[in-house]
Amino acid sequence: MEIRYAVSPAETKTLGTEQLRKEFLIENLFAPGELKLVYSHVDRFITGGVIPTNEPVKLEADKHTMGADYFLERREIGIINVGPKGYVTVDGTEYEMDSKDGLYVGLGNKDVTFRSADPSNPARFYFNSTPAHRNYPTEKIAISQADPQHLGSITNSNERTIYRYIHLNGVKSCQLVMGMTLLKPGNMWNTMPCHTHNRRSEVYFYFDMPEDGVVFHLMGEPTETRHVVMRNEQAVISPSWSIHSGVGTSNYTFIWGMAGENQEFSDMDMVAMKDLK
C-alpha cells in the first residue's frame with residue numbers, strides 16, 4: 001500500500017511538475033493478478049484497482065497502515081468494473097459485474113474477493129474506500145439502475161451524462177459518494193464552470209481514453225490553478241480546497257468518489273469564470 005500525505009494550498013503553490021504529480025497523481029492502479037492500493041491522508045481515502053487473472057484476488061488489509069485485521073473492519077467500499085465481465089464475492093455471496101456495474105460493500109464484511117469471467121480477457125475493478133461507523137447492506141448497482149442526469153451542451157463541449165451509484169437518494173453509505181460521468185462524442189470538458197467543496201475531498205479516475213489521448217486535469221485554488229497531464233486509467237486526488245476539472249483530447253469517462261463531512265451532491269462552492277487564474 002502506497003501512502004500519500006495531505007498537502008496544503010500554500011505548499012502546492014511551490015511544487016514543480018514532477019512533485020505535483022508525485023503528490024496528487026495515481027499512475028499505476030492496475031497490474032495483472034495484483035491488488036494495488038493508495039492510502040491518502042486526505043479524508044483517509046483509499047483508492048485501488050485489481051485485475052484478477054487465473055486466480056481470484058482477495059481484498060486484504062495492510063495491517064501496518066490500517067491497523068485492522070481485515071479491510072472492511074472500519075471501512076466501506078464502492079467498486080466499479082471498468083473492464084469485461086467479472087465477479088465480486090462478499091462473505092460467500094457472489095455478484096456478477098458487467099462493464100460499468102457498481103457494488104457497495106459495507107462495514108464489517110470480512111471476505112471480499114475478485115475474479116474474472118474470462119481470465120484471458122480479465123475484469124478491471126476500480127474502487128474507493130472510506131472510513132465507516134455503521135453497516136449498510138451490500139448492494140449491486142447495475143449501470144441501468146444508476147440515477148442518470150444529463151448536463152451540458154455541445155456548444156460548450158461538455159454534453160455528458162452523470163450516473164450516481166452511491167448517494168443520499170440511492171444506495172446508502174456512511175460517507176462515501178460515488179458515480180460516473182460519460183462524455184458524449186465531440187465533448188471534452190468536465191465540471192466547468194468549476195467548484196470547490198470545503199466539506200469534502202474527491203478522487204477522479206479517468207478511463208475509456210485512446211492510447212495516445214490525454215486529459216489536462218485542472219487543480220489548485222481558483223486563483224492559483226495548476227494542471228496535471230493524465231492518461232488512461234489514472235486517478236488524481238483532489239483536496240477540499242482544490243478545483244477539479246479537466247479537458248481531454250477526445251471524449252472520455254471518469255469515476256468520481258467523494259468523502260468528508262456530508263453527502264450532499266449539490267453542496268458546491270461555485271467559482272465564477274472571471275475569478276479563475
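Let me start with the salt bridge between Lys85 and Glu96, in which the closest N and O atoms are 3.6 Å apart; by salt bridge I mean a side-chain nitrogen of Lys or Arg within 4 Å of a carboxyl oxygen of Asp or Glu. Lys85 sits in the loop between strand 6 (75-81) and strand 7 (86-90), while Glu96 belongs to strand 8 (residues 93-97), so the pair ties together parts that are 11 residues apart in sequence. When I speak of strands and helices, these are DSSP runs numbered from the N terminus, helices being H or I of at least four residues and strands being E of at least two.

Before going on, please keep in mind that this is a predicted model, in which local features need pLDDT of at least 70 and side-chain atom pairs count only at pLDDT 80 or more, whereas totals for chains, interfaces and linings use all residues. Residues are numbered from 1 along each chain as its sequence is written, and side-chain values use heavy atoms, with hydrogens and water left out.

Back to the pair: Lys85 is partly exposed at a relative accessible area of 32%, and Glu96 is also partly exposed, at 34%. The cut-offs here are under 20% relative accessible area for buried, over 50% for exposed, and partly exposed in between, with a 1.4 Å probe and protein chains only. Lys85 and Glu96 also belong to a network of salt bridges that takes in Asp98.

In one, Asp208 meets Lys100 with the closest N and O atoms 3.0 Å apart. Asp208 lies in the loop between strand 18 and strand 19 (215-221), and Lys100 in the loop between strand 8 and strand 9 (102-105), so this pair ties together parts that are 108 residues apart in sequence. Asp208 is partly exposed, at 38%, whereas Lys100 counts as buried, at 15% relative accessibility.

In the other, the side chains of Lys184 and Glu159 meet at 3.5 Å, N to O. This pair links distant parts of the chain, with Lys184 in the loop between strand 15 and strand 16 (189-190) and Glu159 in the loop between strand 13 (147-151) and strand 14, 25 residues apart.

What, then, of Glu23, which is buried yet has no salt bridge? It is found in helix 2 (residues 17-24), and the nearest side chain of opposite charge, Lys22, is 6.2 Å away; for charge, Lys and Arg count as positive and Asp and Glu as negative, while His and the chain ends are not counted. Beyond its neighbours within four places in sequence, Glu23 is in contact (heavy atoms within 4.5 Å) with Arg4, Tyr5, Val7, Leu15 and Ile237.

An open sheet of 7 strands has the order 1-3-4-11-6-9-12, with mixed pairing, where two strands pair if DSSP finds at least two bridges between them. Its edge strands, each pairing on one side only, are strand 1 (2-4) and strand 12 (139-141).

Within this sheet, how covered is strand 4? The strand is mostly covered, as 6 of its 6 residues are buried; Phe45, Thr47 and Gly49 point one way, and Ile46, Gly48 and Val50 the other way. Strand 4 (residues 45-50) pairs with strand 11 (residues 125-131) in the antiparallel sense over 5 bridges, and Gly48 has Phe127 as its bridge partner in strand 11. Strand 3 (residues 35-40) also runs antiparallel to strand 4, joined to it by 6 bridges, with Val38 partnered by Thr47. Strands 3 and 4 form a hairpin with 4 residues between them, and Asp43 in the turn has a positive phi of about 55 degrees.
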